Each structure stands twice: as C-alpha cells, then as structure tokens.
Amino acid sequence: MNIRNVSGDLIGGFIGATIALPQALAFGTMTGAGALSGLYGAMFLCFFSGFFGVNVPIISGPTGPVAIILASIYAGLGGNLSALWAVLFLASIFQIILSFTKIPNLVKYVPYPVISGFMNGVGVILIILQIAPFLGIKGYPTPVSTFKHMHYILGNINTEALVIGLLSLGILIYTPKIVKKYIPSEIFALIFGTLFAQAYKMDIPTISGLTGELPSVVSADFSNIIHISSLALMIAVICSTESLMTGLVVSSLTKKKINNQTLIFAQGIGNSIASLFGGIAGAGATMRSVAAIKTGATTKFSTIFCGVLILLAILYGDELVNMVPMAVLAAILIRVGYNIIDTKFLKVLHYAPKEDLIVMFLVFFLTIFHDIIFAVGVGITLSAMLFAKQLADKTTLNVKDVEDREITKLEKQLHDESDYKIRVVHIQGEFFFGSATQIISQFEDLLGTKHIILCYDSDRRLDISAIFALEDILARLKSQDIKVYLVLRNAEILKQLDELNFKRQLDDEHIFFEEIDAIREAKEEFRKYIKLEIKQAENKTRGFLFHFKK
C-alpha cells in the first residue's frame, strides 16, 4: 500500500463520514429509535463490514430504504425497542446464512441499463433531498414529500443559509484541480462554511444530536419469535439487495471483482454487532461509497477509517460537529449527487437501443418516486422479458424440401399432383417459453405436407413451455395425418423428453440423432406410398380397359 493509496483512503473515509453523519442522524430519527441509534449503526457497520469485508471502499450505514422499512416495523411493534433489536439481530443472522448460499452471485446478471437508471435515480434523489437544507429549511425524508412542501420551502427561505450554501457550492465547483489533488474541495467548503457562519453569528440550522454518549449493550425481546422472524427476513433481503447493488456500482467504478458472498457476510457481522449495542441496521450505501471513491478511496481501509471517525465524532467531536451548518453539508451532497449521475450513458442516449432506454428511464423514475428495491426488481424483470423477446424474434423455422432423384417421372408427377412432400424443418435460435408461441404459429404454413423432419438444432435442454409447445405442434401435425421425424442433438434432451413422458407423441423409430437417418426413413415411407399409388393407378387402368373391351 503506497502513500497515495493511504492518503486517498483517509480522504475518502473522511468524506464518507461527512456524508454518513447527518444521514445517520436523520435516518435514526426517522425510524423512531433515535438519532444516536443511527450513528451507532453507521459506526459499527462501517468498522466491522470493512474489517471482514471485501477490499473495496463500501461505506455502509443506515440508508433510506432500510430506514423506511424499520420505521414501519417499529410502529407495528408498538414502539417496543427491545422487540426492534431482536428483529434486527435475527435479520443479521439471516444475512450471514444467506452469504453461504449462491444467491448473492445472481446480482452479476443485472443489466447495465438497470444500474444506470439506479445510479441516476440515486443521484437525483440526493440532490432533491438537499433542496430544503440548502435553503435553511428542515429536510424531508423523500423526494415526493419534498415536492409536496415545495411551496412552503420557497416561501420560507433562510437567506443566510442560502448564502453559505452558495459559497460552499462555489468552492466545490471552482477549486483548482491541482489543489484538489492534495486537499479535497469538500474539506475547504466544510471549514470555510463553518468559520464564516460562526464569524458572522448566522442564525442557520446546524448538525445537532451528538451528546458524547458511549454505546452500551441493549436488551432484546424474542418472545414473539415467529412474527419477528418474518420481519427479520424482509429486512435481511432489503439490506442484502441494497448492499449487492452498491457492490455492483463500486465494482464498476474501481474495476475490481467483488466476492458477493464475502460482502453479505461482512454486512451481516456488522449489523449483528450494531443491533447488540442499539444501532439500527444498514447496508452498503451507494452515494457514500461513490463519493469516497471519487475523492481517492481505493481499499476497505477507507471504510474502517470512516467508522473510526464516526466513533470519534460521537465521543469527542460533538461540540465541533454540532457547529457545522446543514447548508454546507447540503452543498457537498448536491455536488456528490451530480457526480453520481451516469453521464457516460446519458451521452449516448441518441444511439442506445430503445429497449435499454425504456428500462433505464423506468428504473430512474421508480427509484425517485417509489422505492429503490422495487425499481431494481422491475428493471431486472423488464430486461429479462425484453431479452426473451429478442431471442424469440431471432428464432425461426428453416424449411426445405427433400427431392429423391431415384423416383421415376410418373412418381414425380404423382408427388407434385398430390402435394406429397418431404420437408426438413430446422428450429434455428433458442426454443424456449418466449419463442414457443411464435414457432407454433409458423407451423401453420406446413399443414398439407406428409412427412416432416423436425430438427432441434440447439443442444440446450428445453424448458417446460417449449416442451408443451412441441407437444402441441406434434398433435396438430398428427391430426393432419403428417408423419413427424424428430432429430435431436444429444441423448440428454431425449432423456429429458422421456422423463416427461413426451415420447408418447412419437414412436421410438421416429426419433433420430442424425438428420440423414431421418431423411432415409422418410424416403422409404415415401417410396411405399408411391408404389401404392402406382398400383392403384394400374388397377384403375386395367379396370377401365376391361370395361372398354366389354
């Protein structure tokens, strides 16, 4: 670890703590557990998730989605803090158990438009939530509530707070790059804004709530274990999902691979210790983590250092921290929110596929106006459906007629007149639930022929929708007296069909692994038909001549 990395981690941890402090206070108050519970949660979760976690800067602590759920649960428990600590401890145990499964690894399949919509939404949320504090008004917990009270906010602007906010924002934007290489502009803004407000004795809101109290072990009420277990499982899923999404963003920014199971394990350890000492649960926080990375953090030392700083702020810095104007922090968070917005994707909007834009904007608006976890879930579901549609559109039938050079001119005539054809049909692309309906409709054009050699060109096992679709296809063809010869790529697919009792639709002699074998069998059947037609034609001719002679 070189000096530059250490310096970057110290600065990143400091910025993470700067952001975490007011947010932890606000989220702790929001849940009903108290401002200090928010600080304790941030401190323990940062320190222990960093110590046991992956080697990237994931600044953890209470977050909006988690705080909202906790507030609802706390109210449902009748304000019973002991029961809340029991719920949070069980939730951390569920997180640890979850870390030993493969479930956390599924997050790597989240499409980029979902991540971009999520990041853009989080960035905009952060900016919106700072409008009120920036203007000297007490902040609101959600963007929707901020918009609802916008008339009140604009009608009660604290001019002194606005001046401090604008000065701080100016420092953040216009500090020369050469200076920011050594000292981040956030520190300049924090120091200058605080000194300026104190020098002119400005009447503006400041950070408050720190009392210098040490955390102590709390009592937990496990009497209603069945009820609180379901609540705990919900919290575990939300905390884990948000941490995994943060890990995905951090991995994208740092270009480092993250072990998701280790990440969730460390989060579970941190939340368990926090719950024992009266700290509310939290998760990896995207905004704080990205802010730390943007200011130089590269390893998990920044996460640990962030926890240490919060502890020092709780123990010794209560008077100093309580002096920092909220407008200064609001300016810092507005700048961070702007930096979080995914400008890389926004620059290529005109060239991006329509499907990706739909997903990105849907996740973006749901993140802002509904819920982050719900937004990500909808985005992943929609992406999967659009991807399935793309695969289905590429899945087609390739139909070709089989000609037999050995048949006679009369046989050829009978073949053409009766429309008796041998056709080879290749299912090209992925035959699955998304393409099954389209494939069935394409088979309507083949009705009228007599022999169809159906080749499934993929070696991928069929899903249940495709199997039912294939059964439907065979039933339709058989109802038209069409003989079907099924060609598969491997015995594994045949075994699957056999296990599902699919072979009742076909005789064993009509299932092949080579297309040429199926063609030979169809030709043999065709020759039998031709001989029968010729014999019937000869009989008719003899009957006509016999009748004519008479």
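A disulfide is defined here as a pair of cysteine sulfur atoms within 2.5 Å. The structure is a predicted model, in which local features require pLDDT of at least 70 and side-chain atom pairs count only at pLDDT 80 or more, whereas totals for chains, interfaces and linings use all residues. Residues are numbered from 1 along each chain as its sequence is written, and side-chain values use heavy atoms, with hydrogens and water left out.

A search of the whole structure returned zero disulfides. Cysteine 46 takes part in none, the nearest cysteine sulfur being that of cysteine 306, 3.7 Å away. Because the sulfur of cysteine 306 lies 3.7 Å from that of cysteine 46, its closest cysteine sulfur, the two are too far apart for a bond. Accessibility is classed as buried (under 20% relative accessible area), exposed (over 50%) or partly exposed (in between), with a 1.4 Å probe and protein chains only. Cysteine 46 is buried at 0% relative accessibility, and cysteine 306 is likewise buried at 0%.

The protein contains 25 helices and seven strands, these being DSSP runs numbered from the N terminus (helices: H or I, at least four residues; strands: E, at least two). Of its 550 residues, 50% are buried. Contact denotes heavy atoms within 4.5 Å; among contacts between residues at least 6 apart in sequence, 83% join residues at least 24 apart.

Helix H2 (residues 35–52) is mostly covered, with 14 of its 18 residues buried. The expected span of a helix is 1.5 Å times one less than its number of residues. For H2 this span is 26 Å, and the end C-alpha atoms are 26 Å apart, in agreement. Helix H12 has 30 residues and extends 41 Å from its first C-alpha to its last, close to the expected 44 Å.

Methionine 234 is located in H12 (residues 225–254) and is partly exposed, at 37% relative accessibility. Beyond its neighbours within four places in sequence, methionine 234 contacts Ile69 and Ile73.

Most residues other than glycine have a negative phi. Lysine 255, which follows H12, has a positive phi of about 60 degrees. This residue is found in the loop between H12 and helix H13 (260–276) and is exposed, with a relative accessible area of 69%. Lysine 201, in the loop between helix H11 (185–199) and H12, also has a positive phi, near 50 degrees; its relative accessible area of 72% makes it exposed.

The axes of helix H5 (residues 112–129) and helix H19 (residues 354–369) come within 7 Å and cross at roughly 35 degrees. Axes are lines fitted to C-alpha atoms, for helices over the stretch in contact, with angles running from 0 to 180 degrees between N-to-C directions. The crossing is right-handed, meaning that the near helix is turned clockwise from the far one by less than a right angle. Residues forming the contact include Phe118, Val122 and Ile125 of H5 and Met360, Val363 and Phe364 of H19. The contact residues divide into twelve nonpolar, five polar and one charged, where Ala, Val, Leu, Ile, Met, Phe, Trp, Tyr, Cys and Pro count as nonpolar, Asp, Glu, Lys and Arg as charged, and the others, Gly among them, as polar.

Glutamine 130 lies in the loop between H5 and helix H6 (131–134). At 9% relative accessibility glutamine 130 is buried, and, leaving aside neighbours within four places in sequence, it contacts Ala330, Leu333 and Ile334.
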